[in-house]
Amino acid sequence: MTEVLEGFRTVLSGEYPRLLLSGLGLTLAVSVCALLVSVLVGTALGAARVLRVPVLGRLGDAYVTVVRGIPLIVLLSVVYYGLPTLGVTLPDFPAAVLALGLYSAAYTSEIVRGGISSVPAGQAEAARSLGLSRGQALRFVVLPQAWRVALPALGNEFISLILGSSLASAVTLQELFSQGRYITNATYRQFEVYAVLALVYFLLTFVLSRVVRGLEARLSRGVTLPERRVI
């Protein structure tokens, strides 16, 4: 026990806490940026699939099916290591954001589709009767109500992105998990380092999950959402 306590003191002293904080900041940054990509792409896909937009609707269905069948680590590797063979080279941060965002977009699409489907059809019909076009009815009437339903589920998606960002170390991004591995190599204190990482991830996701539960209690309307994948 004395040796373990000494190990924790080693891990939490010197420059190591600064490295962990730096990694945590990068983890949050890549997760937030990836969520923005996910929301933008996922909303477009979800709307196209619900409205059965010619070509786009089928492409959206195919995209969701394909991406949900690919492990995140594979998509990260394709974006970071594979695209350069096609002449497209991305730094580690944009590559991680793009891969995480596109992967999450498949699930956000399902969330948005569920939210749009939960809006009574009469809402869109009433908007059309007032002179709004189909696109205007979607933008000003249907989507605001759909987002109200989807917001708690998007909070859960953000938590999943934070956990999934630990795989971004595979593309050399110095996020929290990558910094933890560096400290492990420097101190040879595997148990203590990974225990600290586990605690940091737990506290971060615990706080976010409490926020999400609060949103669910206020906004949930019984929409059935897709089962979350295992990364």
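**Salt bridges first**

Reply: Arg-49 and Asp-61 form a salt bridge, with 2.6 Å between the closest N and O atoms. That pair links distant parts of the chain, with Asp-61 in helix H3 (residues 56-67) and Arg-49 in helix H2 (residues 16-50), 12 residues apart. Keep in mind that this is a predicted model.

Me: Which of those, if either, is buried: Asp-61 or Arg-49?

Reply: Arg-49 is buried, because its relative accessible area is 10%, under the 20% cut-off. Asp-61 has 24%, so that one counts as partly exposed.

Me: What does Arg-68 pair with?

Reply: Arg-68 forms a salt bridge with Glu-110, and the closest N and O atoms are 3.3 Å apart. This pair also links distant parts of the chain: Arg-68 is in the loop between H3 and helix H4 (72-82), while Glu-110 is in helix H5 (residues 92-118), 42 residues apart.

Me: And is Glu-110 buried or exposed?

Reply: Buried, because its relative accessibility is 11%. Arg-68 is at 33%, so Arg-68 is partly exposed.

Me: Which residues end up joined into one network?

Reply: Arg-49, Asp-61, Arg-68, Glu-110 and Arg-113, through salt bridges that share partners.

Me: How many salt bridges are there in the whole structure?

Reply: A search of the whole structure gives 8. One of them is Glu-6 with Arg-9, at 2.9 Å from N to O. Both sit in helix H1 (residues 2-11), 3 residues apart, which is about one turn of the helix.

Me: OK, zooming out. How many helices and strands are in the chain?

Reply: 9 helices and 0 strands. The C-alpha trace spans about 75 × 45 × 25 Å along its principal axes, and 41% of the 231 residues count as buried.

Me: Where does UniProt put the transmembrane region annotation?

Reply: The unreviewed UniProt entry has "transmembrane region" covering residues 20-48, 60-81 and 193-212. In the model, residues 20-48 are 100% helix and 0% strand, with the end C-alpha atoms 41 Å apart. Residues 193-212 are also 100% helix and 0% strand, and the end C-alpha atoms there lie 29 Å apart.

Me: Which residues make the nonpolar surface patch?

Reply: Leu-199, Phe-202, Leu-203, Phe-206, Val-207 and Val-211 make a patch of about 570 Å². Phe-202 is in helix H9 (residues 190-219), and with 47% relative accessibility it counts as partly exposed.

Me: Switching to H8. What caps the N-terminal end?

Reply: Glu-175 does, with a side-chain oxygen 2.9 Å from the backbone nitrogen of Phe-177. The helix itself covers residues 176-187, which makes 12 residues, and reaches 16 Å from first C-alpha to last, close to the 16 Å expected at 1.5 Å a residue.

Me: Which H8 residues are buried?

Reply: Leu-176, Ser-178, Gln-179, Gly-180, Ile-183, Thr-184 and Thr-187.

Me: What about phi at Thr-172?

Reply: Positive as well, at about 70°, and Thr-172 is not a glycine. You'll find Thr-172 in the loop between helix H7 (134-164) and H8. At 37% relative accessibility, Thr-172 counts as partly exposed.

Technical notes:
Residues are numbered from 1 along each chain as its sequence is written. This is a predicted model: local features need pLDDT of at least 70, side-chain atom pairs count only at pLDDT 80 or more; totals for chains, interfaces and linings use all residues. Side-chain values use heavy atoms; hydrogens and water are left out. Helices (H or I, at least four residues) and strands (E, at least two) are DSSP runs, numbered from the N terminus. The expected span of a helix is 1.5 Å times one less than its number of residues. Buried means under 20% relative accessible area, exposed over 50%, partly exposed in between (1.4 Å probe, protein chains only). A polar contact is a pair of N or O atoms within 3.5 Å; within protein, one must be able to donate a hydrogen and the other to accept it, and residues adjacent in sequence count only if both atoms are side-chain atoms. Patches are made of residues with over 30% relative accessible area and no salt bridge: like charges are joined within 9 Å, nonpolar side chains (Val, Leu, Ile, Met, Phe, Trp, Tyr) within 5 Å. Accessible areas come from the Shrake-Rupley method with a 1.4 Å probe; for residues, only the protein chains shown count as cover. A salt bridge is a side-chain nitrogen of Lys or Arg within 4 Å of a carboxyl oxygen of Asp or Glu. UniProt positions are given in the numbering used here, feature names are shortened, and annotations may be inferred rather than shown by experiment.
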